[in-house]
Amino acid sequence: MRIEQLEYVAAVARHGSLRRASEHLHVSQPALSEAVSKLERELGVTLLERRRDGARITMRGKELLEHMVGVLDAVDRLQSAASTAAARAIRVGTVNAGTASLLLPAIRDFRAGRPGARVEVRALQQDEIEAGLADGSLDLGLVNVLGDPAVPANLQGAELKRGRPVAVLPGAHPLAAQAEVSAEDLRGETFVGMRAGYVMHRFAMRLFGSRLPAVWHSVDGAEMGKMLVAEGLGATILPDYSVHGDPLARGGLITARPIKDDRTPVAMWLLRRKAARLPAAVDELAALLAARSAAYGASHP
């Protein structure tokens with residue numbers, strides 16, 4: 001049984017003859033008639049009463065027609081849902097730390113291959129990203145981890161970047177003249193810290209211990225932190241890959257320096273749901289993120 005056979009019977013019932021149905025469907029009349037005959041043989045019933053003045057659906061055919069129309073409606077709904085799924089935005093949750101050097105170039109590559117594709121980027125904390133991936137409101141997630149990651153059992157992850165935390169300063173700041181910046185140097189500055197829940201907030205609390213900077217601004221995400229630093233409103237700490245390639249760094253508005261006596265590793269991971277049946281476009285964007293990550297690693301060994 002094929003979908004078009006059901007369409008042919010419904011068309012004959014609607015138009016009252018094989019000829020008019022074939023003209024409406026742009027199918028030859030013999031081909032339409034043969035397809036209906038095959039369906040009749042398969043079902044073991046006579047669906048159409050063929051006469052010289054046209055064709056009329058039989059009583060048994062009328063009883064089955066309702067079910068045929070139901071199948072055709074279901075097929076239409078399936079096609080509509082598939083079309084909507086293919087056209088929907090790819091939803092990416094990110095902590096923002098790798099937006100400039102990784103995510104934005106990957107989206108640019110993605111759009112080049114899919115001109116009509118849409119990507120929705122949401123700036124979130126790590127626990128929000130993991131929850132969004134678990135409930136299906138996100139397709140991909142980018143998170144930072146210190147040391148070895150603890151990937152939830154319902155997710156799978158892959159490391160994209162590895163680096164170290166660095167001090168981020170205004171380009172013309174006196175500390176920018178130093179090869180390294182110490183925790184004590186940063187304690188004397190207005191500090192722009194990530195809000196609690198971000199990995200860099202946890203790192204800053206570990207670095208400063210009980211002696212925090214006297215003035216501490218809190219922000220959501222690396223991008224806002226870099227903007228405040230560029231405006232001369234303080235210094236912050238971010239992964240080095242968050243600064244490399246950033247337009248603010250290329251323009252000299254911010255700069256990064258290693259933190260003295262610190263070798264803490266920080267990495268960006270790509271997360272997604274296990275065994276999730278997602279649009280092919282999600283896999284394509286994930287592959288582009290991995291490719292961009294490889295290119296970044298080659299230029300920043």
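How are α1 and α3 oriented to each other, roughly parallel or roughly perpendicular? Select residues 3-15 for α1 and 29-43 for α3. The two helices pack at an angle of about 110°, with their axes 9 Å apart, and are therefore roughly perpendicular to each other. Here, roughly perpendicular covers 65 to 115 degrees; the axes are lines fitted to C-alpha atoms over the stretch in contact, and angles run from 0 to 180 degrees between N-to-C directions. Helices are DSSP runs (H or I, at least four residues), strands likewise (E, at least two), numbered from the N terminus.

Before moving on, a word on the model: it is predicted, so local features need pLDDT of at least 70 and side-chain atom pairs count only at pLDDT 80 or more, while totals for chains, interfaces and linings use all residues. Residues are numbered from 1 along each chain as its sequence is written, and side-chain values use heavy atoms, with hydrogens and water left out.

Now show the side chains where α1 and α3 meet. Gln5, Leu6, Tyr8, Val9 and Val12 from α1 meet Leu32, Ala35, Val36, Lys38, Leu39 and Glu42 from α3, contact meaning heavy atoms within 4.5 Å.

Next stop: α6, residues 126-135. Its buried residues (under 20% relative accessible area, 1.4 Å probe, protein chains only) are Gln126, Ile129, Gly132 and Leu133. They cover an arc of only 125° around the axis, which puts them on the same side of α6; the arc is that of the directions from the helix axis to the C-beta atoms. The buried residues of α6 pack against β3, β5, β6, α8 and β12. Just past the helix, click glycine 136, which has a positive phi of about 85°.

From there, go to β5, residues 140-146. Seven of its seven residues are buried, so β5 is largely enclosed by the rest of the structure. Leu140, Leu142, Asn144 and Leu146 lie on one side, with Gly141, Val143 and Val145 on the other. β5 pairs in the parallel sense with β3 over three bridges, with valine 92 opposite leucine 140. β5 and β12 pair in the antiparallel sense over six bridges, where glycine 141 stands opposite leucine 271. Pairing takes at least two DSSP bridges.

Last, the cores: sets of buried Ala, Val, Leu, Ile, Met, Phe, Trp, Tyr and Cys residues joined through side-chain atoms within 4.5 Å. The largest has 62 residues, and Met200, Ile237 and Leu289 have the most contacts inside it. A second, separate core of 22 residues includes Leu6, Ala21, Val45 and Leu64.

Technical notes
Buried < 20%, exposed > 50% of the residue type's maximum accessible area, 1.4 Å probe, protein only. Parallel < 35°, antiparallel > 145°, perpendicular 65-115°, else oblique.
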